[in-house]
Structures are given as structure tokens and as C-alpha cells.
Amino acid sequence: MKKIKLYPWAELEQRVPVQAVVEGTDLMIIRYGEEVSVLYGRCLHRGVLLANGVIVGKKVVCNWHGWEFRYDTGESGQRCPALKKFKAWIEEGYLWVDADEVVSWSEQNPEPYQV
Ligand code: FES
């Protein structure tokens, strides 16, 4: 496992999407309470960065055409698969992910759009 330090935990604001990139893959971080989601960061409709979206209830809403994804699970109300949710944990005051998991998933799920 290749651990990557993503963000200082104390600096993550509640329910504010944050953009991150790991090994060339766009991710979105959302903290909610003492939990956090690290999700694939591009909209499954046309590839826009979801960290630019808005939070409505328990969903992040894409700022282009309004597709919605639950930020705790990545599930969508649309007829599409859920956003990938990556393993993430807090250690030494930072949020971490397994870069090997991100790279492996990205190789199997190349982004068709780059907006
Ligand atoms: S690109 Fe996100 S809803 Fe169309």
C-alpha cells in the first residue's frame, strides 16, 4: 500500500467539498462530522469537477446540469453507477488515502471527459 497524505484534518471544513489530485486522478473530499468521504472527483455525466458543486442536504449537486450524488456513499439519483468511494483514514492529524487503490481504479475506469 502506498499511503498519500491528502489534507490536514483540522482544516477540512464541514460539508465543504475540497478538490484533490492523487497520481493524476481527481478526487473530492467532503468532511461531515467526524466522518469523511474521498470520492472520485469528476461528475459521471460529463466529467466536470464536482468540488465546484454545491451541497444540498446529503448530496453534492454538479454545477453544470444538476446531477446529484450522495456525499456519504457516492450514490446517484440518476441512472448511473455511484461515484467511487476510496478508503480513507485519519492518522497523525491528516487525512490519508491508499494511492495504489486510486491508481488501480483509475486504470480500470479512465475518464472519458476532461472539462
Ligand atoms: S456534467 Fe455534471 S451534471 Fe452534467
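Arginine 70 is partly exposed, with 29% relative accessible area; on this scale buried is under 20%, exposed is over 50% and partly exposed lies in between, using a 1.4 Å probe and protein chains only. Its salt-bridge partner is aspartate 72, with the closest N and O atoms 2.6 Å apart. This is a predicted model, so to speak of local features a pLDDT of at least 70 is needed and side-chain atom pairs count only at pLDDT 80 or more, while totals for chains, interfaces and linings use all residues. Residues are numbered from 1 along each chain as its sequence is written, and side-chain values use heavy atoms, leaving out hydrogens and water.

**Salt bridges**

- The structure holds seven salt bridges, each being a side-chain nitrogen of Lys or Arg within 4 Å of a carboxyl oxygen of Asp or Glu.
- Side chains of opposite charge can pair when their charged atoms come close.
- In the bridge between aspartate 72 and arginine 70, the aspartate counts as buried at 17% relative accessibility.
- Arginine 31 bridges to glutamate 34, with 2.8 Å between the closest N and O atoms. The arginine is buried at 8% relative accessible area, whereas glutamate 34 is exposed at 63%.
- Lysine 59 pairs with glutamate 68, and here the closest N and O atoms are 3.2 Å apart. Both ends are partly exposed: lysine 59 has a relative accessible area of 32% and glutamate 68 has 29%.

**Nonpolar core**

- A nonpolar core is a set of buried Ala, Val, Leu, Ile, Met, Phe, Trp, Tyr and Cys residues joined through side-chain atoms within 4.5 Å. The largest one here has 31 residues, and Leu6, Met28, Ile29 and Val38 have the most contacts inside it.
- At least two residues of this core come from each of strand 2 (18-22), strand 3 (25-32), strand 4 (35-40), strand 10 (94-98) and helix 1 (99-108). Helices (H or I, at least four residues) and strands (E, at least two) are DSSP runs, numbered from the N terminus.
- Strand 3 gives the most to the core, with five residues.
- Contact means heavy atoms within 4.5 Å. Leaving aside residues up to four places away in sequence, isoleucine 29 touches Leu6, Tyr7, Leu12, Val16, Pro17, Val18, Ala20, Val36, Ser37, Val38 and Leu95.

**Aromatic pairs**

- Searching the whole structure gives three aromatic pairs. Rings of Phe, Tyr and Trp (its six-membered ring) pair if their centres lie within 6.5 Å; planes under 30 degrees apart count as stacked, over 60 as edge-to-face and the rest as tilted.
- Tyrosine 32 and tyrosine 71 make a tilted pair, at 5.2 Å centre to centre with 55° between the planes. This pair links distant parts of the chain, 39 residues apart: tyrosine 32 is in strand 3, and tyrosine 71 is in the loop between strand 7 (68-70) and strand 8 (85-86).
- Both tyrosines are buried, tyrosine 32 at 11% relative accessibility and tyrosine 71 at 3%.
- The ring centres of phenylalanine 86 and tryptophan 105 are 5.6 Å apart and their planes stand at 90°, so this pair is edge-to-face. It joins strand 8, which holds phenylalanine 86, to helix 1, which holds tryptophan 105, across 19 residues.
- Phenylalanine 86 is buried at 4% relative accessible area, and tryptophan 105 is buried at 17%.
- Ring pairs also link Tyr40, Phe86 and Trp105 into a cluster.

**Charges over rings**

- A charge sits over a ring if NZ of Lys or CZ of Arg is within 6 Å of the ring centre and within 35 degrees of the ring normal.
- Lysine 3 places its charged end over the ring of tryptophan 96, 4.7 Å from the centre.
- Lysine 5 lies over the face of tyrosine 94, 4.3 Å from the ring centre.

**Arginine 42 and its polar contacts**

- Arginine 42 lies in the loop between strand 4 and strand 5 (54-56), and counts as buried at 6% relative accessibility.
- Its side chain joins that of aspartate 26 through a polar contact of 2.7 Å. A polar contact is a pair of N or O atoms within 3.5 Å; within protein, one must be able to donate a hydrogen and the other to accept it, and residues adjacent in sequence count only if both atoms are side-chain atoms.
- A polar atom of the arginine 42 side chain also lies 2.5 Å from the backbone oxygen of glycine 47.
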